[in-house]
Amino acid sequence: MTPARHNPPLAALLILAASALLAGTTLLAKALGTDELGPPLHPMQISHGRFLFAFLVIACTVGVLRPRLSRPHWGLHIGRTSFGWVGITLMFASVAYIPISDATAISFLNPVFAMILAIPLLKESIGPWRWLAAAVALAGALVLLRPTPDSFQPAALLALAAAASIGMELIFIKKLAGREVPLQILLINNAMGLTIASVAVSFVFRTPTSEQWAALAGIGVLMACAQACFVNGMARADASFVAPISYATLVFAALYDFTVFRVVPDHISLTGSAIILFGGLVLVWREARTAPPITSRKDPNR
């Protein structure tokens, strides 16, 4: 495969597109998890739709492009997909009860959890700046949980658990990096995810309305397109340049939530989100200072 040419402006546009598409999946998940399009669907049925239609898109892409495939590392793929399925299901469950912007902000803890998990699992050493960034981001999550008797959001714990699960998925992604071509990783991930989701949904399946089928298809297609944009964006610029742009997902999430559900972020949501973003940016800044340029560090996992 010919490496993509270094093109930061195009990379920025691709990451912005990925952010808008990714926020769109949570918007559709919220519509499906509430009564906007009919009787609410179970989160496991929503995640099944995500894997079903994303797999169809990616399988068709593989059929057209016919990339050279290698022998997969099945153990890493099983671990990556299992934690990814749990994470996306919990994320879809959370957005039915809390603002999309809050759930999206909490999801930005993924790399923080991955950093902490890398200590025992990858034997990585963590310096004081990284610990500071993690502490700041976790403090922001605590703000979003609203830990008072009158305002506590139990559903925010679902988003927090989703972030931890996807953080574990990032560990497997890091181990897979460089072993296989991205399209093969996406194909196997979505095929395995569809298998797991199909078993799980058999216990809660309910025939969706035509509008819900369209939304489920939309989630899968948007997710597949977001993955394609993200992977191509990461291939055209350094990760330290690309990573902060991906935080635009929070802006798109808040915009969609307001436009469709008329949800206006309150001062607690804005404060907690800002703290998490600050912690994330500190982590990105430190990574940029300590790591050599990397054109592809991770791909999106929902």
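These legends walk through several close-up views of one predicted model. Residues are numbered from 1 along each chain as its sequence is written, and side-chain values use heavy atoms, with hydrogens and water left out. Because the model is predicted, local features need pLDDT of at least 70 and side-chain atom pairs count only at pLDDT 80 or more, while totals for chains, interfaces and linings use all residues.

**View 1. Helix 4 meets helix 7.** Here we look at helix 4 (residues 100-107) and helix 7 (residues 154-176), whose axes come within 8 Å and cross at roughly 30 degrees. Helices here are DSSP runs (H or I, at least four residues), numbered from the N terminus. Axes are lines fitted to C-alpha atoms over the stretch in contact, and angles run from 0 to 180 degrees between N-to-C directions. The two helices are therefore roughly parallel to each other (that label is for angles under 35 degrees). Helix 4 passes helix 7 in a right-handed crossing, the term used when the near helix is turned clockwise from the far one by less than a right angle. On the helix 4 side, the contact (heavy atoms within 4.5 Å) is made by Ala103, Ile106 and Ser107, and helix 7 brings Ala156, Ala159, Leu160 and Ala163. Sorted by type, the contact residues are six nonpolar, one polar and no charged. For that sorting, Ala, Val, Leu, Ile, Met, Phe, Trp, Tyr, Cys and Pro count as nonpolar, Asp, Glu, Lys and Arg as charged, and the others, Gly among them, as polar.

**View 2. Along helix 7 and past its end.** The 23 residues of helix 7 should span 33 Å at 1.5 Å a residue, and the end C-alpha atoms are 34 Å apart, which agrees; the expected span is 1.5 Å times one less than the number of residues. After helix 7 comes Gly178, with a positive phi near 85 degrees.

**View 3. Ala162, tucked into helix 7.** Ala162 sits in helix 7 and counts as buried, at 1% relative accessibility (buried means under 20% relative accessible area, with a 1.4 Å probe and protein chains only). Setting aside neighbours within four places in sequence, Ala162 is in contact with Gly87, Leu90, Met91 and Asn110. Leu183 is 21 residues from Ala162 in sequence, and their C-alpha atoms are 24 Å apart in space.

**View 4. Thr89 on helix 3.** Thr89 has its place in helix 3 (residues 74-94). With 8% relative accessibility, Thr89 is another residue that counts as buried. Not counting residues up to four places away in sequence, Thr89 touches Pro43, Met44 and Ser47.

**View 5. Asp257 and its contacts.** Find Asp257 in helix 11 (residues 248-261); at 1% relative accessibility, Asp257 counts as buried. Leaving out neighbours within four places in sequence, the contacts of Asp257 are Lys30, Pro99, Ile100, Ser101, Arg262 and Val263.

**View 6. Ser269, with partners from elsewhere in the chain.** Ser269 belongs to helix 12 (residues 267-290) and is buried, with a relative accessible area of 3%. Ser269 touches Asp102, Leu144 and Arg146, not counting residues up to four places away in sequence. Leu145 lies 124 residues from Ser269 along the chain, yet their C-alpha atoms are separated by 9.4 Å.

**View 7. Helix 1 against helix 9.** Helix 1 (residues 8-33) and helix 9 (residues 210-234) pack at an angle of about 160 degrees, their axes 8 Å apart. That makes helix 1 roughly antiparallel to helix 9, a label for angles over 145 degrees. The contact residues here are 20 nonpolar, six polar and no charged.

Terms used. Angles under 35 degrees count as roughly parallel, over 145 as roughly antiparallel, 65 to 115 as roughly perpendicular and the rest as oblique. Buried means under 20% relative accessible area, exposed over 50%, partly exposed in between (1.4 Å probe, protein chains only).
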